[in-house]
Amino acid sequence: RAARGAIVAAGCACQLQLQQGTAQRLRTAIETGLPLIHLLPARPCKAGSGALPVEGAFGNQQWLTVGDVKGLLSALPERKLTRLVVLWAAHSGPVARALVGAGITAAISLGDEPTSAHAASAFAAALYPALLRGEPIAEAFAHAVQRLPPAERARVRLHLNTQDPEAGTAQLLVPAGVEGVAADLTVPLCGSNLPSTRAPGADEDVLGGGGADEVSGSSLALPLSAQASSASLAALERRRPEVPLVGRRREVGAVVAACMSNGLCVLHGAEGAGKSAVALEASVFLRQRHAFAHGIFVVDLQGTSQVKKILALVSSALRLAVPAQRSSDLVRQLATYRRCLLVLERCEAALTNAPKQFSWFLATVLRESHVSALLVTRAPLPPDAHIVIGADTSVGEIELGTLPHPHAARLLLSAARAHGRSIGRAQLRELAGRPQAGQAGGGSSAG
């Protein structure tokens, strides 16, 4: 955000875009000749080897080794139009050297220690306006380094292509300093009613969270019913987690993969295992990766088994101006959507008291529209429902077990701090050693 803000504030005509950092996108950016690429990995590069952390197809972390980077660049033309790659991650020197060795004019890396967030913002605020005004890359870098605290200046390094005699005086843009407006081409987030999954005081995601009120730029096409949606938003906000999600990275990744690969995903587990927290975290991740163009909407079905009531709740979550009275009404209105995800929370009553009606409702909606669904429930999908729904729709199931004891202990500490309480070591060992501790901890994360 600091880099984007500095570029916009420079008042120069240019284009910028935020994207997830994958190996393919890095290759495409260099292949298309983008003059500047700023990489902000989620974690430091590997110490020693310098392997760069990138995002896989389903959000899983992958390591891009220096050999991978060289292989990726060797398939591109020898003359690279990209002038500068900024690698804002500790231990990124080996990758930076590989980039300039493959023909890129310059690269900026961090040493063995990261800089503070304040220093990173100050560096970006000085570097990018200078580059856009036409200062040579080396001079702009030297000026930006002076904005860092003295103790952090040696952590940031500039690598120049020694095979390019003009690298020392190269500019980022030619011509530079053209007055105008920076056009932000970042794809807007889809519509949603997702409550924030960030605990109070936690850092927001790079793309700006994903809270219930963030629908600017939404591709939502259907008319809104503000009165109906406000009640559902208030109910969802009450389920916002109060502590960070702990120990569920694999499960969140599994839900993301299942939602992207199947028409229906079923997340089931014991009460208090943290199903809602995992489902919300996966939903926010899918939204930020633009996996569902027409939105991700959570519908709480607690205690609801009648299809008419379910239709009313779904209509409210989708903010339909005319609530659907029948499944066919809902399907007809959903025809406007290209792709949408419904997260049906706490649907035990529907699966237990009216399994046939609920199964036929799901089968109809999934078969006759471009909507996918994520069911969050305590029990697996009944065999009869599998037969009805699975005839036309692929189904993925994920069971959420209890948290391992170390993660349960961490979650208990986080929950205690969130409520202004303290837990002694002896009490923590006693609680974490109980079989139900993992479930209780998961329940805390679910709010």
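Me: At what angle do helix α1 and helix α5 pack?
Reply: We're looking at a predicted model here. Helix α1 covers residues 2-9 and helix α5 covers residues 117-133. Their axes sit 8 Å apart, and the packing angle is about 35 degrees.

Me: And is the crossing of α1 and α5 left-handed or right-handed?
Reply: On the α1 side, Ala2, Ala3, Ala6 and Ile7 make the contact. Over on α5, the partners are Ser121, Ala124, Ala125, Tyr128, Pro129 and Leu132. As for the hand of the crossing, α1 and α5 are right-handed.

Me: Now α13 and α14: roughly parallel, or roughly antiparallel?
Reply: Helix α13 (residues 355-368) packs against helix α14 (residues 383-390) with the axes 9 Å apart and an angle of about 25 degrees. Angles under 35 degrees count as roughly parallel. So α13 and α14 are roughly parallel.

Me: Which residues of α14 make the contact with α13?
Reply: α13 passes α14 in a right-handed crossing. From α13 come Ser359, Trp360, Leu362, Ala363 and Leu366. By class, the residues of this contact divide into seven nonpolar, one polar and no charged. The α14 side consists of Ala385, Val388 and Ile389.

Me: Is His159 buried or exposed?
Reply: His159 lies in strand β7, residues 156-160. Its relative accessibility is 13%, and the cut-off for buried is under 20%. Therefore His159 counts as buried.

Me: Which side chain does a polar contact of 2.8 Å join to that of His159?
Reply: Leaving aside neighbours within four places in sequence, His159 is in contact with Gly93, Ala96, Arg97, Val100, Thr105, Ala106, Ala107 and Ser109. One of these is joined to His159 side chain to side chain, by a polar contact of 2.8 Å. That partner is Ser109.

Me: Zooming out, what share of the contacts in the protein chain with a separation of 6 or more comes from residues 24 or more positions apart?
Reply: The protein chain has 17 helices and 13 strands. Of its 447 residues, 49% are buried. Among contacts with a separation of 6 or more, the share from residues 24 or more positions apart is 75%.

Methods. Residues are numbered from 1 along each chain as its sequence is written. This is a predicted model: local features need pLDDT of at least 70, side-chain atom pairs count only at pLDDT 80 or more; totals for chains, interfaces and linings use all residues. Side-chain values use heavy atoms; hydrogens and water are left out. Axes are lines fitted to C-alpha atoms, for helices over the stretch in contact, and angles run from 0 to 180 degrees between N-to-C directions. Helices (H or I, at least four residues) and strands (E, at least two) are DSSP runs, numbered from the N terminus. Angles under 35 degrees count as roughly parallel, over 145 as roughly antiparallel, 65 to 115 as roughly perpendicular and the rest as oblique. A crossing is left-handed if the near helix is turned anticlockwise from the far one by less than a right angle, and right-handed if clockwise. Contact means heavy atoms within 4.5 Å. Ala, Val, Leu, Ile, Met, Phe, Trp, Tyr, Cys and Pro count as nonpolar, Asp, Glu, Lys and Arg as charged, and the others, Gly among them, as polar. Buried means under 20% relative accessible area, exposed over 50%, partly exposed in between (1.4 Å probe, protein chains only). A polar contact is a pair of N or O atoms within 3.5 Å; within protein, one must be able to donate a hydrogen and the other to accept it, and residues adjacent in sequence count only if both atoms are side-chain atoms.
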